[in-house]
Amino acid sequence: MMAGFATAALALGGCAASAEEPVAQAEPQVATAESGFGAFLAGVRAEGLEKGLRSQTLDAALANVTHIDRVIELDRKQPEFTLTFNEYLGRIVSQARVEEGRRKLAENKALLTEIERRYGVQPRFVVALWGIETNFGKNTGGMSVVSSLATLAYDGRRSKYFRTELMNALTILDQGHIQPANMIGSWAGAMGQCQFMPSTFLKFAVDWDGDGKRNIWTNRADALASAANYLSSEGWKGDQTWGRAVKLPADFPRTALGVDTRKTVKEWAALGVKGSDGKPLPARDISASIVLAEGTKGPAFLVYDNFRTIMKWNRSTFFALAAGHLADRIGGK
């Protein structure tokens, strides 16, 4: 599962966030009682009441919902990417982002240290994901989450998934974490500084400051703690890194490539795998896999369990490798 939804929208970094456009650029169709979309919303309201959501919450959340044609266009026309890994890495791990990440790491040192103490996630990884997803909270999306999810649920192509996310969004509103007008996110419904889908929010969002609200939109502490809680809950190991670039021997078996094949670092070394600098790998018993950045070609990497956890955040090898690289650069490695 990902924090965001649209893997294909990560060309410029992030999950669904990178594909969002402001509501002002959309062409909404107002839901009337007799329209198909209006009937759909009436059904959503009825389902919400059956699930125990308050009628006043549903009235407020659904009152100004519109069908956004632009959301459907974006969903159906997600770009096919032809970037090489090195081109992608250059965009995601830019020098400007590295420098900004280092500043954010320093500015939030005390907070991130406390978060690491609780969740066991090294600060550089939290900052790296924050940077990739929303440019450190600057680009969190410009569309109404409820309208976007309602539009996608009504569309029918993936209605079951998006209707579930819509009900989750209404649950978040009913719990009082955010007001409907402020529940803004990407065109696919990913929200806040860590770009969580509503289901991810309900599972992993954290009320770090104890004010009774899990505010991943404007509360930096809640957002960063939520990101760390996600990683921790999905198996993060605080005593390990994500992986390293390696060189493969000429006779390396192609069948051994991929995250499904696990060996210890020591065993990979015995097969002739070396560091990217040509030096021997450390003789350690950490479980690892060998992946090529572009699947069957490209640079080779020895990746650990934390890489797998990043892949749960976003199911893209490019994304996971870039996140690891950015974290290393931010941390001065």
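At 0% relative accessibility, Gln 195 counts as buried (under 20% relative accessible area; exposed is over 50%, partly exposed in between; 1.4 Å probe, protein chains only). The model is predicted: local features need pLDDT of at least 70, side-chain atom pairs count only at pLDDT 80 or more, and totals for chains, interfaces and linings use all residues. Residues are numbered from 1 along each chain as its sequence is written, and side-chain values use heavy atoms, with hydrogens and water left out.

**Positive phi in loops**
- Gln 195 sits in the loop between strand 4 (184-185) and helix 10 (198-204); helices (H or I, at least four residues) and strands (E, at least two) are DSSP runs, numbered from the N terminus.
- Its phi is near 55 degrees, a positive value in a residue other than glycine.
- Phe 136 also has a positive phi, near 60 degrees.
- Phe 136 lies in the loop between helix 7 (123-134) and strand 3 (143-144).
- Phe 136 is buried, at 4% relative accessible area.

**A buried arginine**
- Arg 97 belongs to helix 5 (residues 95-107).
- Arg 97 is buried but has no salt bridge (a side-chain nitrogen of Lys or Arg within 4 Å of a carboxyl oxygen of Asp or Glu).
- Glu 133 is the nearest side chain of opposite charge, 9.4 Å away; Lys and Arg count as positive, Asp and Glu as negative, while His and the chain ends are not counted.
- A polar atom of the Arg 97 side chain lies 3.1 Å from the backbone oxygen of Ile 92.

**Nonpolar cores**
- The largest nonpolar core has 88 residues (buried Ala, Val, Leu, Ile, Met, Phe, Trp, Tyr and Cys joined through side-chain atoms within 4.5 Å).
- Leu 170, Met 183, Ile 216 and Trp 313 have the most contacts inside this core.
- Helix 14 (residues 317-330) gives the largest share of this core, 9 residues.
- Another core, of 15 residues, lies apart from it and includes Ala 256, Val 273, Leu 281 and Tyr 304.

- Thr 57 is in helix 2 and is buried, with a relative accessible area of 10%.
- Thr 57 and Leu 173 are 116 residues apart in sequence, yet 6.9 Å apart in space, C-alpha to C-alpha.

Technical notes. Polar contact = N/O pair within 3.5 Å; in protein donor to acceptor, adjacent residues only side chain to side chain.
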